[in-house]
Amino acid sequence: MTTEVRVPQLPESVADATLISWRKKPGDSVVRDENLVDLETDKVVLEVPAPVAGILKEIKLTDGTTVTSGQVLAVIEEGAAAIPGASAPAILAASGGATAAAKDSITKEPATPQPGGKLSPAAKRVAEENKVDPKTVLGSGRDGRVSKSDVVNHLSAKEPAVPGAAAKAAAQFVPAPSARGARAEQRVPMTRLRARIAERMVQAQATQALLTSFNEVDLKAVNELRGRYKDQFEKQYGVKLGFMSFFIKACVEALKKFPAVNASVDGNDIVYHEYFDLGVAVSTDRGLIVPVLRDADHLSFADIEKSIGNFAARARAGTITIEELTGGTFTITNGGVFGSLLSTPIVNSPQSAILGMHKIQERPVVVDGQIVVRPMMYIALTYDHRIIDGREAVQFLVTVKQCLEDPARMVLHV
């Protein structure tokens, strides 16, 4: 019996995708739910899992092909052939049989996660790409089997230092060694994500009246607060207390005071959003993406830090969803992680404003008539001057500055 592998249903905002990489070749054994092929959309790389176990009989489309929802990608011949590295349940599923033990396992309570168990094929790939030692991952499956989600959760707790699979999928320019004096060039096509980023950046500058205002923040109080509670915070919540949660909280307070900064333009109307969905820019090997923290005003510091860590890990592992990248009423980007001291970020259209964070640098400042050294950061707000006046933009930055220099304001909402 043969089963067709089809392009999954794409979201309404995504018309098509590009087939970028087959993980298997004709004749290879496949396990049910094992990733067969990667599809790149304007926002994310989608994995297409095997619907059944068996042998990959035929590949219908080659790398680089543009595909749409429901299109046939390959054909799998269902069979009972042994699949190297597959677990006993996977082999049983491939052969269509099941033992009493396998049936019993369905009704048992989930096993306590165990480190160092067997890895599913998808989990193995994500672990290898992110240089994760399988022995350090807690497996939630039967007999300690490690699933892909287990690896992703592990990465969320500890952000990977090594780029993931996205680098392999994107076409990158790598200068080839050449003779002295040679002036070689290489022409490579943009990835869909890079092309989409380019399109949106140009669109924002062409359709909005962009202006940038600046201020600077003394982060001494935030540093002291983090230093005082970081160990207790990490022990209690299982995540480190970073700077981003403070900035998100400060921005929410400022957005509440100046709703135009949280608004957007729709034709001749101004849409005031009475909720706070904040996008946080994340750099990946494929380009910049902006996962969205929904209802940020209802999130605790721990919720924010966990969400950001989870977004960053899954973005680099290529497992973030399109829905998590859609929407947003305001964006924060942090060029400081790359050493940027000052910049003018471009608004993430159709939003109307974006806050740019920068490098924290010790500088001499005057406090109460005395010259002291403080950890200072320049902050920038780029905004659409069509609906946001300069007064509102400046006062927005002042509010962010006040909240960060006196964090108690964010607790008392003053």
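This is a predicted model: local features need pLDDT of at least 70, side-chain atom pairs count only at pLDDT 80 or more; totals for chains, interfaces and linings use all residues.
**Group meeting: strands, a helix and aromatic pairs**

Let me begin with strand β14 (residues 278-280), which pairs with β18 in the parallel sense over 3 bridges; two strands count as paired if DSSP finds at least two bridges between them, and the strands (E, at least two residues) and helices (H or I, at least four) are DSSP runs numbered from the N terminus. Residues are numbered from 1 along each chain as its sequence is written, and side-chain values use heavy atoms, with hydrogens and water left out.

Within that pairing, V280 has I332 of β18 as its bridge partner. On β18 there is also a pairing with strand β19 (residues 353-357), where 4 bridges join the two and they run parallel, and here I332 has L355 of β19 as its bridge partner. Of the 5 residues of β18, 4 are buried, so the strand is largely enclosed by the rest of the structure; buried means under 20% relative accessible area, exposed means over 50%, and partly exposed lies in between, with a 1.4 Å probe and protein chains only.

Which aromatic residues come together as pairs? The count comes to 3 aromatic pairs, by a rule in which rings of Phe, Tyr and Trp (its six-membered ring) pair if their centres lie within 6.5 Å, planes under 30 degrees apart being stacked, over 60 edge-to-face and the rest tilted. The rings of F233 and Y237 have their centres 4.9 Å apart and their planes at 50°, so this pair is tilted. Both residues lie in helix α7 (residues 220-237), 4 residues apart, which is about one turn of the helix. F233 counts as buried at 10% relative accessibility, whereas Y237, at 35%, counts as partly exposed.

Another pair is that of F330 and F396, whose ring centres are 5.5 Å apart with planes at 55°, so it too is tilted. F330 lies in strand β18 (residues 330-334) and F396 in helix α10 (residues 390-405), so the pair ties together parts that are 66 residues apart in sequence. Both F330 and F396 are buried.

That brings us to α10, which has 16 residues and reaches 22 Å from its first C-alpha to its last, close to the 22 Å expected at 1.5 Å a residue, where the expected span is 1.5 Å times one less than the number of residues. The buried residues of α10 include E392, A393, F396, L397, T399, V400, C403 and L404. They cover an arc of only 155° around the axis, which puts them on the same side of α10; the arc is that of the directions from the helix axis to the C-beta atoms.

Two rings also have a charge over them, meaning that NZ of Lys or CZ of Arg is within 6 Å of the ring centre and within 35 degrees of the ring normal. The charged end of R226 sits over the ring of F243, 4.1 Å from its centre, and R363 lies over the face of Y378, at 4.2 Å from the ring centre.

Finally, there is an open sheet of 4 strands in the order β1-β8-β6-β3, with antiparallel pairing. At its edges stand β1 (2-6) and β3 (29-30), each with a single partner strand, so one side of each is left without a neighbour in the sheet.
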